[in-house]
Amino acid sequence: QVRLALWCACILMLACQPPDVRADYTSMAPGVSVPRCAHRHARRSALQRCRYLGIADSSHPEAATKEGDQAGHAAVLHERDSMESIRDDIQRLWQLQFDAESMRTATGLGIMVSKDSTVTKLWVRDDWEKHTNIWRYGRHVSYWYRSTVVRSLFPVILPLVAWTFLVWIVRPVASVALPIQALALTVSPLALLLAFRVNSATARFLEARAQWGQAVLHARNAASIIATMPGLPESSLMLTCRLLCCYGWAMKSHLRTDDQLQLVLDTLLAPSMAAWVGSHRKAPLAILSLLRRTTAQAQAPVATMQSLSDCLSNMNACFGGMERLFSTPLSPTYMRHTSRGLLLWLCMLPVALFEASVGFIPTLITVLTTAYVMLGIDEIGIQIEQPFDCLPLTSLSTVLTKDVADELCCEDHPIPAFHAACGLRERGAS
């Protein structure tokens, strides 16, 4: 009776299975026994994992019919699980219509970009040779008329010219007088204000560039560790490569609040996963979370997993540092005080010069020159205070993507076998 009850229970469990699972059991060779509960548990776990990662399981009817566009999704994923497909997707990435940073005339905040040497692009050797050439003085003077600082300050310098002309007309009638020594006493603290402001803005710019460089470095290290990690499934290796390639673009879009990230995600990731990452408030953190969960499947040594975890944590720390720079400016009160002090001093300058019996033309030239120099220093500090608006983030994201792809899916220059390399070394030594 017990044996008959067990047979009835087995037949009932088999009848409750989906058709594809039932066919697998009925087609098994005689004498092979697999626990159905274990098989069902494995299938349920695989489905839950695919749902979490945003990938439809084409072998399950419910998952395959969730959306209308999932009919051929299994074939697409099969194509994506290869190095060649990743390289093809990266090549398609370069065909997208990104903003050409070398051709920009203004940043996202409206700051004009110079046609000469500029920090809005990554420099090469030709740029450095042009920058250090002794004829740079002549080039700077000849192209002075198209200086971005001059064009930016024109709305401020023009009222100063009108003010100088007004003081020259009104001074004989109103008896306006100001000793030149008063300006000499106030110029020193004003110069300190300007120097401190520009130094602080430059420090922010350099720190932002250093943070991005550290993020690229840790992404390279993570790619190197993943490339040599034992026990990582091939599909997980492909997914980590795609996610690391997306990380730089996710940081760029978050810091510039542009809409180019979705184009990158749609090119490199599966549609459902791209939608999942793009829907997050902070896409870089979503990518790091997926990287941690994907690499957790590897059966690697503890030291290797710890090194990879440190790389991902450092990438998170770099993104946090860039967020801090983006969301916390220099003190706006300090900026307002510096601007007011500058304008007040420049307005007093023609009054003091006329009191010293200086003519109108020399006074006007002095006011224009002093305003250009001092206001230009303040303008340069403003331009670099928000570093992510002028840094070449598109080029930096491209560098990160190419470095990761070269590490994980480059077959143009395969690494020689270890034994072959040792053999060549031994023959050379003999």
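The legends below describe close-up views of a predicted model, beginning with the whole chain and moving on to single contacts.

Residues are numbered from 1 along each chain as its sequence is written. In this predicted model, local features need pLDDT of at least 70 and side-chain atom pairs count only at pLDDT 80 or more, while totals for chains, interfaces and linings use all residues, and side-chain values use heavy atoms, with hydrogens and water left out.

**View 1. The chain as a whole and its confidence.**
The chain holds 20 helices and zero strands, where helices (H or I, at least four residues) and strands (E, at least two) are DSSP runs numbered from the N terminus. Of the 430 residues in the chain, 37% are buried; here buried means under 20% relative accessible area, exposed over 50%, and partly exposed in between, with a 1.4 Å probe and protein chains only. Among contacts (heavy atoms within 4.5 Å) between residues at least 6 apart in sequence, 77% join residues at least 24 apart. The mean pLDDT, the predictor's confidence in each residue from 0 to 100, is 78 for the chain, and 71% of the residues reach 70 or more. The pLDDT is below 50 over residues 18-80, a stretch that has 63 contacts in the model beyond near neighbours in sequence.

A salt bridge is a side-chain nitrogen of Lys or Arg within 4 Å of a carboxyl oxygen of Asp or Glu, and the structure holds ten of them. Side chains of opposite charge can pair when their charged atoms come close. Asp89, Arg92 and Arg242 are linked in a network of such bridges. Between aspartate 89 and arginine 92, the closest N and O atoms are 1.8 Å apart; these two residues lie three residues apart in helix α6 (residues 83-93), and so are separated by about one helical turn. Aspartate 89 has a relative accessible area of 4% and is buried, whereas arginine 92 is partly exposed, at 44%. The salt bridge of aspartate 89 with arginine 242 has its closest N and O atoms 2.7 Å apart, and this pair links distant parts of the chain, with aspartate 89 in helix α6 and arginine 242 in helix α11 (residues 234-256), 153 residues apart. Both aspartate 89 and arginine 242 are buried.

**View 2. The packing of α11 with α12.**
The axes of α11 and helix α12 (residues 261-268) come within 9 Å and cross at roughly 170°; axes are lines fitted to C-alpha atoms, for helices over the stretch in contact, and angles run from 0 to 180 degrees between N-to-C directions. α11 is therefore roughly antiparallel to α12, a description used for angles over 145 degrees. The contact is made by Arg242, Cys245, Cys246, Trp249, Ala250 and Ser253 of α11 together with Leu261, Val264, Leu265 and Leu268 of α12. By class, this contact of α11 with α12 has eight nonpolar, one polar and one charged residues, where Ala, Val, Leu, Ile, Met, Phe, Trp, Tyr, Cys and Pro count as nonpolar, Asp, Glu, Lys and Arg as charged, and the others, Gly among them, as polar.

**View 3. The surroundings of alanine 283.**
Alanine 283 lies in helix α14 and is buried, with a relative accessible area of 7%. Not counting residues up to four places away in sequence, alanine 283 touches Ala250, Leu261 and Val277. The C-alpha atoms of alanine 283 and methionine 251, which are 32 residues apart along the chain, are separated by 7.7 Å.

Residues that make the contact include Leu285, Leu288 and Leu291 of α14 and Met305, Leu308 and Phe319 of α15. The residues of this contact divide into nine nonpolar, four polar and one charged. The side chains of glutamate 323 and lysine 282 meet in a salt bridge (3.0 Å, N to O), which joins glutamate 323 in helix α15 to lysine 282 in the loop between α13 (271-278) and α14, 41 residues apart. Glutamate 323, at 19% relative accessibility, counts as buried.

Notes
Parallel < 35°, antiparallel > 145°, perpendicular 65-115°, else oblique.
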